[in-house]
Amino acid sequence: MGNPRVIYWFRTDLRLHDSPALKAALELNPEAFWPIWTWDPHYVYRARVGTNRWQFLLDCQNDLSSSITKLNKNSKLFLMREAPQTLFPKLFKAWKITHLVFEKDTDAYARDRDAEVKRAAEEAGVEVIIRSGRTLWDSDELAKKNHGKPTMSISQVQAAGPKIGKIPKPIPAPKSLPDPGEITLEFEQEPPEAKPDFNGSSRSQGDRSYERISGPSGDFAVPTMEELGFPAATSPHHGGETIALEMLDKIIANEKYTATFEKPNTAPTAFEPQATTLLSPHLHFGSLSVREFYWRVQGVVDNYTGTASQPPVSLTGQIFFRDMYFGAQAELGYSFGQTLYNSHCRFIPWHLPSKVDHETKLVTGDYHIDSPQAEEWFQRWKYGRTGFPWIDALMRQLRQEGWIHHLGRHAVACFLTRGGCYISWERGAEVFEEWLIDHETACNAGNWQWLSCTAFFAQFYRCYSPVAFPKKWDKEGKFVKRYVPELNELDSKYIYEPWKAPIADQKRAGVRIQGDGKVEQEGIYPKSMFDFNERRNICIDGMKKAYKIGLYGNDAKVIDGTWRKLFEGDAEGPTEGNTFVDAMGEEAGDDEKVQSDDDNREDRNGAVEEDERGAKEAGGENNEGGKRETKRKRGQGTLDAHVKISKR
Ligand SMILES: Cc1cc2nc3c(=O)[nH]c(=O)nc-3n(C[C@H](O)[C@H](O)[C@H](O)COP(=O)(O)OP(=O)(O)OC[C@H]3O[C@@H](n4cnc5c(N)ncnc54)[C@H](O)[C@@H]3O)c2cc1C
């Protein structure tokens, strides 16, 4: 091998500070060094990504590119518009590459992709160097030290992590970067698989994502929203390492806030500023290193003279949750994002269940409409028209800005699933996948399972009231008034229950509470879509029954549809008939033919169950006296499984 000619492949690490992989690449002392990003059709077409997250990504890429150019005026982030699986074999040859270096990614799709790229590198005689840097501890190692099992509780993370070693200290950003080699490309672009396009409905104009490998101007520039066919983003939150480090500096400068942070005491109704750090999108894109965050916070805690908060409610505790979900996903792979075939996810006969391809055992990205009523509730939930102002304000904030507070996420997730609509958590996770700027496959699937009491957490009798819970934080309803401006003038005493406002008060406030909100009309806010207390009781009864029956996603009865016999038609969900086809009628296609998966069953005893505490339902709880469940192990899955289906 001659002098190193190195491609550095940016993916989950859009930063220069604290990057173990970048350090490893530069230690090769490259003769030529290409910092690149591959515009992967999987994320462009098969992941649900709303305009706000696209813009955040472009912000991060532009910021990184100019930081690279500051270190070497001949260099920048070279955007290559082709799938990495087909691009790399050609690049290896064209640029006479000796090394490919990147940060480890344990998401299920990423593992498959990287395995393919590694095979191509091996064939081309290119050495591949991979370093872990996305989590506090390497997620595979974490699961290994957790007796080879998915991490299902914070205490497991706290026990397994230190067995790997101390959380690595941050590495300074490089002070210079080598020149790239030649960048002209003689080869043809392999056109992407553009169908199905999960983001098609968001595109307002022609999609020019793949016009040429080097982009429409031929200069490998970061794409624009127009090129991608998207309208302008609406979020006030912006991406990039520069902004992320400034935000962190500001947080760290406030020693009291940093050292005494307790998640349960942060208000989900606070805005400008929000009550928590809002660093999650930066951690997702890697514009902020999680280890940098951890050690800067720990430094403040160590020097704090007062009483500092402790994990899990403290700031460092929050990122243990992140590592927990990554550790669970690393072990469970694709099954992490779905109920069916998931050995760790409880089976509840939710409405609007996912369609599953029983050959691949993966969800198809589509779902069964078993109940038109549930579908209507789902659409009203998604677009913030439920008639419950607290829920609607949160969903509108999510759609507009791409971020909502953790307890706000709790409230809407509980409402959609076990505390109101009895709709599959997978539907909610898909909406979050599209609209969150911090969407992280592991954290999203894991938290939805937590909130729906299908894994990690079991106290289903504790529901969030859409009235009492927000009242505790914001009596005046300032948060609601910001995101549901129709209710701006309504007397605060009706702000969480506007249907109770007498007509005279409605008139005075310039709003009428009527209809189902299907057609947006000025001065009209919809009536609440159901009686919450009634629905909560129905849901709790359904959950009690499902818990008693005790099925998990990979039980044979769940897969062959005979679970219905156990529910005897008295639970929510598609319970008629004995098989999936019986229940779904015409809707169940050939792909619903079932296979038994009994062999897949794992021993489900062992994992500890604990209260997140950071998420304790303070206020508005409904304790129906359900019994705390015996110790069990539970799991989760990814949504990016769909690519498998689309590839077939
Ligand atoms: C239904 C649901 C879905 C969620 N989906 C996501 C998601 O897709 N991506 C995501 O990053 N978080 C997700 N979360 C977790 C959490 O709500 C966000 O991480 C947090 O609100 C981000 O705001 P922050 O940066 O101000 O958090 P802070 O309170 O300031 O916490 C600091 C960091 O700790 C991590 N963190 C905190 N709480 C959690 C948690 N419960 N799980 C995992 N990491 C956590 C985040 O990286 C966060 O940036 C979800 C929570 C729920 C209930």
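Student: Which residues is Lys-382 in contact with, leaving aside its neighbours within four places in sequence?
Tutor: Lys-382 touches Met-395, Val-431, Glu-434 and Trp-435, where contact means heavy atoms within 4.5 Å. This is a predicted model, in which local features need pLDDT of at least 70 and side-chain atom pairs count only at pLDDT 80 or more, while totals for chains, interfaces and linings use all residues. Residues are numbered from 1 along each chain as its sequence is written, and side-chain values use heavy atoms, with hydrogens and water left out.

Student: And where is Lys-382 found?
Tutor: In helix H14, residues 372–382. Helices (H or I, at least four residues) and strands (E, at least two) are DSSP runs, numbered from the N terminus.

Student: Is Lys-382 buried or exposed?
Tutor: Lys-382 has a relative accessible area of 14%, so it is buried. Buried means under 20% relative accessible area, exposed over 50%, and partly exposed in between (1.4 Å probe, protein chains only).

Student: OK, switching to the ligand. Which residues are closest?
Tutor: Thr-276, Thr-277, Leu-278, His-406 and Asp-438 are the closest of the 30 residues that surround the ligand; a residue counts if one of its heavy atoms lies within 4 Å.

Student: What lies 2.6 Å from an oxygen atom of the ligand?
Tutor: A polar side-chain atom of Thr-276 does, and so does a backbone N or O atom of Leu-278. His-406 has a polar side-chain atom 2.7 Å from a ligand oxygen. A polar contact is a pair of N or O atoms within 3.5 Å; within protein, one must be able to donate a hydrogen and the other to accept it, and residues adjacent in sequence count only if both atoms are side-chain atoms.

Student: How much of the ligand does the protein cover?
Tutor: It's 100% of the 810 Å² of accessible area that the ligand has on its own, by the Shrake-Rupley method with a 1.4 Å probe; for residues, only the protein chains shown count as cover.

Student: Now the open sheet. What's the strand order?
Tutor: S3-S2-S1-S4-S5, with parallel pairing. Two strands pair if DSSP finds at least two bridges between them.

Student: Which strands stand at the edges?
Tutor: S3 (78–80) and S5 (127–131); each has a single partner strand, so one side of each lacks a neighbour in the sheet. From one strand to the next, the twist averages 30°.

Student: What packs on the sheet?
Tutor: Helix H4, residues 84–94, which touches S1, S2, S3 and S4 and makes about 160° with the direction of S2. Axes are lines fitted to C-alpha atoms, for helices over the stretch in contact, and angles run from 0 to 180 degrees between N-to-C directions.

Student: Where's the hairpin?
Tutor: S6 and S7 form it, with four residues between them, and Lys-361 in the turn has a positive phi of about 65°. Asp-357 in S6 has Leu-362 as its bridge partner in S7. The Asp-357 side chain also reaches the backbone nitrogen of Glu-359 at 2.8 Å.

Student: Last one: which peptide bond is cis, with omega near -5°?
Tutor: The one from Lys-195 to Pro-196. Another cis bond joins Pro-311 and Pro-312, with omega about 10°.
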